[in-house]
Amino acid sequence: MIEIKNVTKTYNYKKTNAFTALHNVSLKIESGEMISIIGKSGAGKSTLLHIMACIDKFEEGTYMLDGIEVDKLSDKEISDVRNKKIGIVMQDFALIDDYSVIDNVKIPLAFSKKKKSEDPDELALSVLEKVGMKELYKKPVSKLSGGQKQRVAIARAIVNDPEYIFADEPTGALDSKTAAEIMGLFKALNKSGKTVIIITHDKNVAKTGDRIIHIFDGNLKEL
């Protein structure tokens, strides 16, 4: 379960150009939910995702992830939590173009402790099959379409079998048909027991979630 209480995030903290991206926000997400967080560009969506995904820290408030008080952990402990529990699908895919599909998917396994006993190639191929990309496992990422890249990004995010999947604008660069297919993958992951958090500005994408959280000027409101 994710529980954020009274979190404030300020960039350039205590400097003359300080900017508060999140204002005293609180949010609770139960395990197994699929949540959409919607808002305009600059509203604080990505900042909130980065905090929940244990990428960014914050100045005030608390963040509990499965009973772990994340803001009290060391950098190494936070890295371990992120690797064990969290999968992230970035807005720009964040793939290595010169690598093959399978080599991109295997990257998180190099940092994983819980998968050392399993063959990395077999693990990568198994998740590529789930997202419909197994047949293209040898292909360089640079030769893929946008939709194919997103599928590879999802495969990489789930190869460590995380409990939480965060996706930042996962359909922003896709046509409507491909976007619907990608959202279908997220729904399937959610039905398999994963907690899925989608960051989006698209109302149609947001409607696929169990709940919609609206973020505006660093404030939250459930719709």
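Asp 217 is placed in the loop between strand S9 (211–216) and strand S10 (219–222), where helices (H or I, at least four residues) and strands (E, at least two) are DSSP runs numbered from the N terminus. The phi of Asp 217 is positive, about 50 degrees, although the residue is not a glycine. At a relative accessibility of 61%, Asp 217 counts as exposed; the term exposed stands for over 50% relative accessible area, buried for under 20% and partly exposed for values in between, with a 1.4 Å probe and protein chains only.

The model is predicted, so that local features need pLDDT of at least 70 and side-chain atom pairs count only at pLDDT 80 or more, whereas totals for chains, interfaces and linings use all residues. Residues are numbered from 1 along each chain as its sequence is written, and side-chain values use heavy atoms, with hydrogens and water left out.

A positive phi is also found at Cys 54, about 65 degrees, and this residue is not a glycine either. Cys 54 lies in the loop between helix H1 (45–52) and strand S4 (60–65). With a relative accessible area of 3%, Cys 54 is buried. The loop between H1 and S4 also holds Asp 56, which counts as partly exposed at 22% relative accessibility. Asp 56 and Asp 71 are 15 residues apart in sequence, and their C-alpha atoms are 10.0 Å apart in space.

The largest pocket contains about 370 Å³ of space. Pockets were located on a 1 Å grid over the protein atoms alone: a pocket is an open set of points with protein on both sides within 12 Å along at least five of seven lines, a cavity is a set where a 1.4 Å probe fits but cannot get out, and lining residues have an atom within 4 Å of a point. Grid points are joined across faces, edges and corners, and a volume is the space filled by probe spheres set on the points. The largest pocket is lined by 15 residues, and Arg 82, Asn 83, Ile 86, Ile 88 and Pro 108 are the closest to its centre. Two or more lining residues each come from helix H2 (75–85), strand S6 (86–89) and helix H5 (146–158). By class, this lining consists of 9 nonpolar, 4 polar and 2 charged residues; Ala, Val, Leu, Ile, Met, Phe, Trp, Tyr, Cys and Pro count as nonpolar, Asp, Glu, Lys and Arg as charged, and the others, Gly among them, as polar.

Asn 83 is also placed in relation to Pro 162: the two residues are 79 positions apart along the chain, with their C-alpha atoms separated by 8.0 Å. Pro 162 lies in the loop between H5 and strand S7 (164–168) and is buried, with a relative accessible area of 1%. Strand S7 contains Phe 166, which is buried at a relative accessible area of 0%.

In H4, the buried residues are Leu 123, Ala 124, Val 127 and Leu 128. Seen down the axis of H4, these residues fall within an arc of 130 degrees and so line one face of the helix; the arc is that of the directions from the helix axis to the C-beta atoms. Glu 122 and Glu 129 are exposed on the face of H4 turned away from the buried side.In H6, Thr 178, Ala 179, Ile 182, Met 183, Leu 185, Phe 186, Leu 189 and Asn 190 are buried. Viewed down the axis of H6, the buried residues fall within an arc of 145 degrees, so they line one face of the helix. Ser 176, Lys 177, Ala 180 and Lys 191 are exposed on the other side of H6. At 1.5 Å a residue, the 16 residues of H6 should span 22 Å, which agrees with the 22 Å between its end C-alpha atoms; the expected span is 1.5 Å times one less than the number of residues. H6 is followed by Gly 193, whose phi is positive, near 115 degrees.
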